[in-house]
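Work through the exercises below with the sequence and the 3D structure at hand. Each task is followed by a solution in steps.

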Amino acid sequence: KLLATMNEIASKHDAVPSQVALNWARAKGTIPIPGARTVNQAKQNLASLDWNLSKDEERQLDEASAKVTGFITPDKNPFPREDINTKLKMYDS
């Protein structure tokens, strides 16, 4: 439901879900520091500053996120615990 809500809001703003996420973080009074792997992602991140969420959109996102459940415990995490090249630990959990 959260991703569907983000997609709906993004389509209303001719945007992508990552721009919705950045605007949502800003609406909460935080300063997001997005990481961009490509020039296109950097442009999208910057373009997220061109618009703001409405109070209703913030409410929709808050309600959808409140329903997110099922966090993965560290022992069931599907990601590797160590880097395959350097053998460094990726995380300690």
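Two residues are in contact when heavy atoms of theirs lie within 4.5 Å. The model is predicted.

**Exercise 1.** Find where E58 sits, decide whether E58 is buried or exposed, and list what E58 touches, leaving out residues up to four places away in sequence.

Solution. 
- Step 1: Locate the residue. E58 belongs to helix α4, which covers residues 55-66.
- Step 2: Check the accessibility. The relative accessible area of E58 is 12%. Buried means under 20%, so E58 counts as buried.
- Step 3: List the contacts. With residues up to four places away in sequence not counted, E58 touches W24, A27 and L53.

**Exercise 2.** Which residue forms a salt bridge with E58, and how are the two placed in the helix?

Solution. 
- Step 1: Side chains of opposite charge can pair when their charged atoms come close.
- Step 2: Name the partner. E58 pairs with K55, and their closest N and O atoms are 3.8 Å apart. The cut-off for a salt bridge is within 4 Å.
- Step 3: Relate the pair to the helix. E58 and K55 are 3 residues apart in helix α4, so about one helical turn separates them.
- Step 4: E58 is buried at 12% relative accessibility, whereas K55 is exposed at 66%.

**Exercise 3.** Trace the network of salt bridges that contains R59.

Solution. 
- Step 1: Start with D56. A salt bridge joins D56 to R59, with the closest N and O atoms 2.4 Å apart. These residues are 3 apart in helix α4, which means a separation of about one helical turn.
- Step 2: Go on from R59. The side chain of R59 also meets that of E63 in a salt bridge, at 3.0 Å from N to O. R59 and E63 are 4 residues apart in helix α4, again about one helical turn.
- Step 3: Join the pairs. D56, R59 and E63 form a network of salt bridges.
- Step 4: D56 is partly exposed at 38%, R59 is partly exposed with a relative accessible area of 38%, and E63 is partly exposed at 42%.
- Step 5: A search of the entire structure gives 4 salt bridges, among them D56 with R59 and R59 with E63.

**Exercise 4.** Describe how helices α1 and α2 are arranged, and which residues meet.

Solution. 
- Step 1: Two packed helices are described by the angle between their axes and the distance between the axes.
- Step 2: Read the values. The axes of α1 (residues 2-12) and α2 come within 8 Å and cross at roughly 95°.
- Step 3: Classify the angle. Angles of 65 to 115 degrees count as roughly perpendicular, and α1 and α2 are therefore roughly perpendicular to each other.
- Step 4: List the residues. From α1, L2, M6, N7, I9 and A10 meet P17, V20, A21 and W24 of α2.
- Step 5: Sort them by class. The contact of α1 with α2 has 8 nonpolar, 1 polar and no charged residues.

Conventions: Residues numbered from 1 in each chain as written. Predicted model: local features only at pLDDT ≥ 70, side-chain atom pairs only at ≥ 80, totals over all residues. Heavy atoms only, no water. Buried < 20%, exposed > 50% of the residue type's maximum accessible area, 1.4 Å probe, protein only. Axes fitted to C-alpha atoms, helices over the stretch in contact; angles between N-to-C directions. Parallel < 35°, antiparallel > 145°, perpendicular 65-115°, else oblique. Nonpolar A, V, L, I, M, F, W, Y, C, P; charged D, E, K, R; others polar.
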